[in-house]
Amino acid sequence: MQRIIPIIVCFIFGAFMLVQFFVPHRVSVSAYQTVLDWMQIIFVFTLLVGVISYVKLSSKKITRTQSGWGYNLIGLAGLVVMVIFGFWKGTGERTPFLWMFNTIQAPMQSTMFSLLAFFVASAAYRGFRARSWEAGLLLLVAVIVMLGRVPLGSFISHWIPDSANWILNTPSMAAKRGLYIGIGLGTISTSLRIILGIERTYLGKK
Amino acid sequence: MLSRQLIFVLIALSVAIPLVIKIGLPNQVTTEVRNVYESIEQLDSGSVMMISFDHEASSLPEVKPMAQAILRHCFQKKLKVITLALMAEGTAIGEQLLRETANEYQANYGEDYVFLGYRPQAQSAILGMGEEIKRVFPQDYNNTSLDRIPMMKDIKNYNEVKLIISVADGDLPVTWVDYAVSRYHPKFACATTAVMATSFYPFLSSGQMVGLLGGLKGAAEYEILLEKPGMGQKGMDAQSVSHLVIVLIIVWGNVVYFLRRKTSTVDSPRSTAKPL
């Protein structure tokens, strides 16, 4: 029963969402809106599951003083402090929550993202070698696109941004389209397999 | 060989120096950015636009200039702007930016713009708004019922919205295309980080997106069209020089590689490796 009931629920709702797309009757629309409301409600509970899981995992590492437990302590403290101030003083203008967000969280996250530039440059220096014709071609394309996407490219020659645009709009887009079509077909076939109960891996192990 | 530390110093200098000493390289406006600008420019005063802050704090330096330029254009044109967030961190960022930009143009909350706040589960929120916005957001970010907000009185769903723009750092614009554009057919554009921009070119070509702003360059181009310099144009010199430095570093890496390969070929004449 533990496996049969979820498969039946999945089939009913999957088939309903499929059929209602073509049925604009008010009963169908109303039921559709109710399903959408429930999707959001269920998702909020999954967030809660995530928070509980994070607290449990962090608490375990802290109490056992496992390697890197200090980071877990800081993470957990951050979570608790933000939640307390969020509920206590609100999240609007001139609140401690927003102050912490603007002065701690946002700069830290931006810094992490910015570090990518340094690592990309270092990795490009070490890894971007014209070891073969294919690698040489990739290198040439990368250089054209890198220069063509900044004003310096057009400053050197209009040929660079024009070529960069051609690369993005023709070969790159052709590859992307192929990928998207493949993803779309894969999504349809996997969805049908799930709705019909053929694909059951989402239920976990027996 | 260049050491890792030297590469880091070169990159840091290539970003920092142009931010202090202005070079002023000319920037060309691309078609995809011009299309976004024209789509807003063609709207009549009082038309409704929707802007969704679908990004995290990590990409703030890149997405904020784009969002600011678009918001400035909207308020300059006296459009009615509905804003929301489909990623939690976009809520605080979007609300602050909206407030700052609205103050620049003396726009009034509830009459000229509204901030609906955050909703999780983007797919159901996007689909739900296609049926009825009030059902997904019964209240705005300040817990005011949408029924009490004058601007929202005649707005039911995407039918009343002339253009939707997703300011994103991930693939949420694809979700907008999949669930809003495919089903309800609103006009849609996105402002996204440069690294994600290429992913959306197929949607531009198919007409599912009317235009696209890609990273700081997109912001700089929009600022040129708007004739209002901002953070985008300021950052373009830094981006130009840092790109050039990375290209030079790659070229130097290859020069060293080929010199070493040549030396090793001379040392072992039986090698049959063919250099590029």
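User: Which residues does G90(A) touch, leaving out those up to four places away in sequence?

Analyst: In this predicted model, G90(A) sits in the loop that joins α3 (69-89) to α4 (96-127) of chain A. Not counting residues up to four places away in sequence, the residues that G90(A) touches are F85(A), T95(A) and F97(A).

User: Is G90(A) buried, exposed or partly exposed?

Analyst: The cut-offs that matter here are under 20% relative accessible area for buried and over 50% for exposed, with partly exposed in between. The relative accessibility of G90(A) is 24%, so this glycine counts as partly exposed.

User: How far apart in space are G90(A) and A106(A), C-alpha to C-alpha?

Analyst: In sequence, G90(A) and A106(A) are separated by 16 residues. From C-alpha to C-alpha, the distance in space between G90(A) and A106(A) is 18 Å.

User: Why do the buried residues of α7(A) lie on the same side of the helix?

Analyst: Helix α7 of chain A runs over residues 159-169, and its buried residues are I160(A), P161(A), S163(A), A164(A), I167(A) and L168(A). They are on the same side of α7(A) because the arc they cover around the axis is only 160 degrees.

User: What covers the buried residues of α7(A), and which residues are exposed on the other side?

Analyst: The cover of the buried residues includes α5 (133-148), α6 (151-156) and α8 (171-195) of chain A, together with α9 (201-205) of chain B. On the other side of α7(A), the exposed residues are W159(A) and W166(A).

User: Which residues of chain A is P202(B) in contact with?

Analyst: P202(B) belongs to helix α9 of chain B, and at 6% relative accessibility this proline counts as buried. Once its neighbours within four places in sequence are left aside, P202(B) is in contact with M173(A), K176(A), R177(A) and Y180(A).

User: How many helices and strands does chain B have, and what share of its residues count as buried?

Analyst: The C-alpha trace of chain B spans about 85 × 40 × 30 Å along its principal axes. Among the contacts in chain B with a separation of 6 or more, 73% are between residues 24 or more positions apart. The secondary structure of chain B comes to 11 helices and 6 strands, and of its 276 residues the share that count as buried is 57%.

User: What is the volume of the largest cavity, and which elements each supply at least two residues of its lining?

Analyst: The structure holds 2 cavities of 30 Å³ or more, and the volume of the largest is about 60 Å³. By class, its lining has 3 nonpolar, 4 polar and 3 charged residues. The elements that each supply at least two lining residues are α2 (26-63) of chain A together with α5 (122-131) and α6 (133-136) of chain B.

User: How many nonpolar, polar and charged residues are in the lining of the second largest cavity?

Analyst: The second largest cavity has a volume of about 50 Å³, and its lining includes R149(A), T30(B) and Y201(B). Chain B's α2 (31-41), β6 (211-214) and α10 (215-226) each supply at least two residues of that lining. Divided by class, the lining residues are 4 nonpolar, 3 polar and 4 charged.

User: Where does K78(B) lie, and what is its phi?

Analyst: Most residues other than glycine have a negative phi. K78(B) is exposed, with a relative accessible area of 58%, and lies in the loop between α3 (60-76) and β2 (80-85) of chain B. Phi of K78(B) is positive, near 55 degrees.

User: What is the phi of N143(B)?

Analyst: N143(B) is in the loop between α6 and β4 (161-168) of chain B, where it is exposed, with a relative accessible area of 57%. Although N143(B) is not a glycine, its phi is positive, at about 65 degrees.

Technical notes. Residues are numbered from 1 along each chain as its sequence is written. Chains are lettered from A and ligands numbered from 1 in the order in which they are written. This is a predicted model: local features need pLDDT of at least 70, side-chain atom pairs count only at pLDDT 80 or more; totals for chains, interfaces and linings use all residues. Side-chain values use heavy atoms; hydrogens and water are left out. Buried means under 20% relative accessible area, exposed over 50%, partly exposed in between (1.4 Å probe, protein chains only). Helices (H or I, at least four residues) and strands (E, at least two) are DSSP runs, numbered from the N terminus. The arc is that of the directions from the helix axis to the C-beta atoms. Contact means heavy atoms within 4.5 Å. On a 1 Å grid over the protein atoms alone, a cavity is a set of points where a 1.4 Å probe fits but cannot get out, and a pocket is an open set with protein on both sides within 12 Å along at least five of seven lines; lining residues have an atom within 4 Å of a point. Grid points are joined across faces, edges and corners, and a volume is the space filled by probe spheres set on the points. Ala, Val, Leu, Ile, Met, Phe, Trp, Tyr, Cys and Pro count as nonpolar, Asp, Glu, Lys and Arg as charged, and the others, Gly among them, as polar.
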